[in-house]
Amino acid sequence: MTPNAPKILLLPLALALALSACSRESSAPAAGAEAAKPTLDESALPPVNRFQLADLGEPADACRDLNAYANGKWLAAHPIPGDRTSWGSFEMLAERSLAAQRQLAEQAAADADATGVEKIVGDFWATGMDEAAIERQGIEPLRDRLAAIDALTDTASIAEHLRATAARGENVLFGFGANADFRDSEVNIAYAVQGGLGLPDRSYYFDEAHRDKLAAYQRHVARVLELSGVPAEAAAQQAEAVVAFETRLAGNSRSREELSRDASLMYNPVSLAEADALTPNFPWTRFFESQGVQPPQTFSLAIPAFHQEVDAMLAEVPVEDWKAYLRFHTVDSASPYLSDAFVQANYAFYGKTLRGQQEIEPRWKRALGTLNASVGETLGQLYVEAAFPAESKARMEELVGNLREALKLRLEKLTWMGEETKRKAMAKWETFTPKIGYPDTWRDWSGLETGRDSYIANVLAANEFNYKYDLAKIGKPVDRGEWFMSPQTVNAYYNPQANEIVFPAGILQPPFFDPDADDALNYGGIGAVIGHEMIHGYDDQGSRFGPTGNFENWWTESDAAGFKRLTDRLVAQFDAYEAAPGLHVNGNLTLGENIADLGGLAVAYDALQRAREGQEDPKVDGLTQDQRFFLNWATVWRRNFTPEELKVRLTTDPHAPANFRAIGAPSNLPAYAAAFSCEAGSPMVREGGERIVIW
């Protein structure tokens, strides 16, 4: 659902490899019976972004462009803040969540006797906010790591260094961790996936359109190396070598588009003997041993051409170039937690140059970002206790139930799908598992040692702790209670290998969900989100997983061909949208999200009609129920982007820009045209062969 890439379907493209394993300890909303209950001052929180009648444009706009009608005024009046690269409903709700998190983190840090998750939250917050201590330490926390790189002499020592740093959760070259086996979703196996690039996608190394960003990246590499102690002239030479190194990796990497549209690329089961034969300079048997993992019968060596290229580079690339690459990435990845010179260099490229962010975020937001990335569920326990009422969870459970029934009816009435495939689609529907608000049981964080001495020491400790927890899952049964987002996250996701839809507490606020709002707004907001996540189980990639989460083909050949014909039409619809002069949406990259939007909105509309069946239309401010339903859908997608951010997203984001999400699905629904009395031929009315109905 998120407007921010990447996400977990969210396919297992990321495979949750960067996420830690979960060991469960309690079912209470927060740990520590003796701890003071966290509280929030609601009056100090930023407002949410509700649909307002005053936001509407001219009535005729409804039939020309729903986004312009519902959001045009608001967008014109709300420029992007300097520390953001986009601004809209998601960001406003994220700001509210951050403000709540800040209060909770400050309370935790003020308790000198805190234990458990409160101590972890307090330690991260206190050290992240201690600018004086961070400045004093400078780059000193990395001295041992840089000395180890300086000592490398040959292929064998480089390979050993890669194994040793990976064991601390600091592998810069490739992702490695546990995820459910595609063939047996009840068991976790190890996955090794491509990595090693500093730019968002392989295309940044080759396409003329990104040439300026590649040149800026090389300057950034030189700047970071110089800050780390390399003389300026040598830093410039090493930066050239680093970019050449990454360009070679990119040449054997898959693009974001390829990965997002073919889940099978992540699954390449091999034996250790087969893997060792593919990469003799980097034997996987030794790698598993060095990570403390029992050597498996098989694991997934995803994108084998990438790993073979790394193996060749171990033999062919000069040691000094390897050292430059490793030195740069060691310092660059740590820069946000080091002294101000490193922080500013990191922001100048990744924020301002790459994405158009005009101001660096204030330290408190950056500290919370680190806390969430490193130990988010610890803060989530405090957030749930203070900010998520039980009645919200109960109302959401009711909504999910209504959406499930509406989806069932749509599946049963499909005319383009044969009965054999439809039976299997229904079997998948029956096994959907919803998760709402927060985990039933919380992760056990005992064993993570944090303190008040060093910010980066806490970050590195959490990295290693999370990595080892993740590795401990390999060969073990999948924990079906595990969450891949913390409760305070403003987002939602579908996990195909568990066939589950997940809605963290953070998103269960206006404009998505309001327990005090009428049905029309809630079904147009969170109802459409629920439908969206359910439909992900039937999008072009989710539909490749069966009811139990196994990667399997449950389609007849004719039904698969019919589905492909329908999705090709949706690709064409979004290919036609011009996001900026000369830059179009990539309908293939965004296909999964567009399928989910189209089906999810239709399911939510059906569910609203069933919920209000036999009741009078509760007009509000002269607007009908159906009008308010579609207007709140559009309100969810009100959003501005910086030009630079938009360009990055068009290349890397499996979501279409928000303004096209606002109009894309409604234009295919006859109910929208009826709601606003749009005539045939209006831009918001797709009819005849143009109208697309999939689920």
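**Close-up 1. Crossing of helix 20 and helix 23.** In this predicted model, the axes of helix 20 (residues 519-536) and helix 23 (residues 625-636) come within 7 Å and cross at roughly 40°. Helix 20 is therefore oblique to helix 23, oblique being the class left after under 35 degrees (roughly parallel), over 145 (roughly antiparallel) and 65 to 115 (roughly perpendicular). Axes are lines fitted to C-alpha atoms over the stretch in contact, with angles from 0 to 180 degrees between N-to-C directions. Helices are DSSP runs (H or I, at least four residues) numbered from the N terminus.

**Close-up 2. Residues at the helix 20 and helix 23 contact.** Contact denotes heavy atoms within 4.5 Å. From helix 20, A520, L521, Y523, G524, G525 and A528 meet Q625, R628, F629, N632, W633 and V636 of helix 23.

**Close-up 3. W322 in the largest nonpolar core.** A nonpolar core joins buried Ala, Val, Leu, Ile, Met, Phe, Trp, Tyr and Cys residues through side-chain atoms within 4.5 Å; buried means under 20% relative accessible area (1.4 Å probe, protein chains only). The largest such core has 206 residues, of which W322 and W695 touch the most other members. Helix 22 (residues 591-611) contributes the most, 11 residues. Residues up to four places away in sequence aside, W322 touches I158, L162, L173, F245, V310, M313, L314 and V317.

Close-up 4. K213, in helix 8 (residues 211-227), counts as buried because its relative accessibility is 15%.

**Notes.** Residues are numbered from 1 along each chain as its sequence is written. Local features need pLDDT of at least 70, side-chain atom pairs count only at pLDDT 80 or more, totals for chains, interfaces and linings use all residues, and side-chain values use heavy atoms, leaving out hydrogens and water.

How values were computed:
Buried < 20%, exposed > 50% of the residue type's maximum accessible area, 1.4 Å probe, protein only. Helix = DSSP H or I, 4+ residues; strand = E, 2+ residues; numbered from the N terminus.
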